[in-house]
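Hello,

Here is the structure I promised to pass on. Please open it alongside this note; what I found follows below.

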Amino acid sequence: MARIQQLDPHLAAKIAAGEVIERPASVVKELVENALDAGSRWIRVEVEGGGIDRISVSDDGCGIGTAEVSLAFRRHATSKIHVEDDLDHLHTLGFRGEALPSIAAVADVRLATRTADERVGIEYVVEAGAIEERPVARQAGTSVVVEHLFARFPARRKFLRARSVESAACLQAVVPLALAFPEVQFAVRVDGREALRTPGDGRLRGAAVAVLGAEVDPYLVDVPETVLDGEAEQVVVRVGGLCATGSYHRSGRSGMHVIVNRRPVHNRALLYAVAEAYGSLVPVGRQPVAVLNVEVPPDEVDFNVHPSKLEVKLLRERAVFGAVQRALRGALAGGGWPVATWGPAGSEAGPSAEQAPPWDPQRGDWGVVSATRAGDAQGGRAELLVGGERLEGLRVLGQAGKTYLIAEGDAGVYLVDQHAAHERVLLEELRASLTGRQERQLLLEPAVIEVPPDAAGVVETAAADLASLGFDIEPFGPRQVLLRAVPAVLAARQPGRILGETLVALATGSHGLTWEAQAPWSERLALVLACKTAVRSGDTLERPEMEELLRRLGEATLCRTCAHGRPTAILLSHAQLEREFGRR
Ligand code: ADP
Ligand code: MG
């Protein structure tokens, strides 16, 4: 690697505001990026106590020369850029020379390193601001140990979440980098337990399966390399990667990764392009899984717009958007999967076209709901009254759009959202399990459940709550648990798969639910389990199933809204119908 030099003040000023070490995951991300920039073939990460107690990142990269180590800890000292023009041709993840000094300012840091051409390496220790240096014998490469993060900053520490959440965030900081660098072997241990290991064989599929879990493998298809050329025949954008067919989907965006020029990014427009390319292949409310590599000319992308370097500005965002969609369409069509209808390529729709949430919690759950809010212009000014009393004694008339049950009661005609209603019913029943009022059911044969690395912590933390809900789980192998019994209310609905999805959703926060910070695990589990178990929009229901659902809904005490706060039912009152049909 080039020599480390302090940036001249003009160039330093051009760099987006200072590096922010907000939480342990920021430390992990910076250290792993440094290891990647050093050309490492393997990187080992250890996280203890949520990363607050200890983070260690070791690599076999180029190392830092003994004479330069102290410089590496100076602000704006970097080996990666020297002149302003370099900002337009970044080929490294770091470029600001701020990570090491920022970390050393808020934690104790011990860096040991040796370059291939030096016989003896150096250990450099910054503890409570005091610096010590000593020679050290070690293999070529670098290891950095960060301890006691924010120990001297109680105010910062207060903002940290539970250790399990911080640990999960640390792991999630490595995941996109592992996908962007499949030729590097990553190993992450969280509190001594292996949480991620990528093969480092240079193939995206290997890294993707390690990250997303073995169960995705059969669904993953290659995204054919798609190139858009500019007027002068130069490549404007190149897209490739892997995507899961529409039959594998998740509740959140945890499986969607966009990498631009080998740098994981958060770009709303691109995530939207992915979701839209799948269109109706993925059920409403679910998200597709895809890992996309996007390449654009280095001077057409600006990574220097935000301190976390996650946001990017793309000069030709529309072209990139179009290429992403075309690539995904090619992949999904090639697999013989039905393809939804596409709008014209390009980003006319854009993220703003995302549907507004159909339910506005501010309006109150039992108030007046306007029919136009679901985006149905024909709905006119009709105001639909959301039902008043308990939803008891409803008579099923049918199912509309495989989404709504149509039923009749004393007050008028009800439209019942089948997912929302089922979710509400299950939630009530699961809560009843907690008070010992429901049974659990033994499985005929115990099921082995894969616990993806990021969910292992949840199994441990929530063991007692899982048991009180009616799950009987025991450890089984490094990444598996044995499921012997489940709450009876879930028994009919693939409880093993649902439990796995629930654990992942809780570990990654991808459940789209909100709860109080103190909400007990039992409640969180019940909420997510209910959501995952409930019939979905798009499921055809037989009449007895509909009757059963309405009967149970009638018994639920809080029947008016689902766990997300959306209404479970809308009432078209007799008066309303008469008014609409001009009978009154
Ligand atoms: P930046 O990555 O923006 O240059 P950092 O503060 O993260 O700034 O690192 C400062 C310098 O220290 C880097 O430019 C690099 O030369 C050196 N360095 C840091 N970590 C490593 C590592 N793991 N291997 C080799 N060199 C490293
Ligand atoms: Mg760096």
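**The ligand site**

An oxygen atom of ligand 1 is 2.5 Å from an N or O atom in the side chain of threonine 78. Please keep in mind that this is a predicted model. Lysine 80 also takes part: a polar atom of its side chain lies 2.7 Å from an oxygen atom of ligand 1. Glycine 97 uses its backbone instead, with an N or O atom 2.6 Å from an oxygen atom of ligand 1.

How much of ligand 1 does the protein bury? On its own, ligand 1 exposes 530 Å², and the protein buries 97% of that.

H4 gives the most, with three residues. In total, 23 residues surround ligand 1. The closest are Asn34, Thr78, Ser79, Lys80 and Gly97. Sorted by class, the shell has twelve nonpolar, seven polar and four charged residues.

**The chain as a whole**

The chain has 584 residues, and 53% of them are buried. Its secondary structure comes to 16 helices and 26 strands. Take the contacts between residues at least 6 apart in sequence: 69% of these join residues at least 24 apart. The accessible surface of the chain is about 27000 Å². Carbon and sulfur atoms account for 51% of that surface.

Helix H6 covers residues 163–180. Its 18 residues should span 26 Å at 1.5 Å a residue, and its end C-alpha atoms are 27 Å apart, so the two values agree. H6 is mostly covered, with 14 of its 18 residues buried.

Leucine 171 sits in H6. Is leucine 171 buried or exposed? Leucine 171 counts as buried because its relative accessibility is 4%, and the cut-off for buried is under 20%. Leaving out residues up to four places away in sequence, leucine 171 touches Val188, Ala195, Leu196, Pro453 and Asp454. The C-alpha atoms of leucine 171 and alanine 25 are 7.7 Å apart, although 146 residues separate the two along the chain.

Helix H14 runs over residues 521–533. From first C-alpha to last, its 13 residues reach 18 Å, close to the 18 Å expected at 1.5 Å a residue. Why is H14 largely enclosed by the rest of the structure? Because 13 of its 13 residues are buried.

Serine 58 is in strand S3 (residues 54–59). Its relative accessible area is 15%, so serine 58 is buried. Serine 58 touches Trp42, Ile43, Arg44, Thr142 and Ser143, again leaving out residues up to four places away in sequence.

Next, the backbone angles. Aspartate 191 has a phi near 50°, a positive value in a residue other than glycine. Where is aspartate 191? Aspartate 191 lies in the loop between strand S9 (185–190) and strand S10 (193–197).

Asparagine 261 has a positive phi too, of about 50°, although it is not a glycine. Asparagine 261 is in the loop between strand S13 (256–260) and strand S14 (263–265). At 23% relative accessibility, asparagine 261 counts as partly exposed.

Best wishes

Technical notes. Residues numbered from 1 in each chain as written. Chains lettered and ligands numbered in written order. Predicted model: local features only at pLDDT ≥ 70, side-chain atom pairs only at ≥ 80, totals over all residues. Heavy atoms only, no water. Helix = DSSP H or I, 4+ residues; strand = E, 2+ residues; numbered from the N terminus. Expected span 1.5 Å × (residues − 1). Buried < 20%, exposed > 50% of the residue type's maximum accessible area, 1.4 Å probe, protein only. Near = heavy atom within 4 Å. Polar contact = N/O pair within 3.5 Å; in protein donor to acceptor, adjacent residues only side chain to side chain. Areas by Shrake-Rupley, 256 points an atom, 1.4 Å probe, with all protein chains shown as cover. Nonpolar A, V, L, I, M, F, W, Y, C, P; charged D, E, K, R; others polar. Contact = heavy atoms within 4.5 Å.
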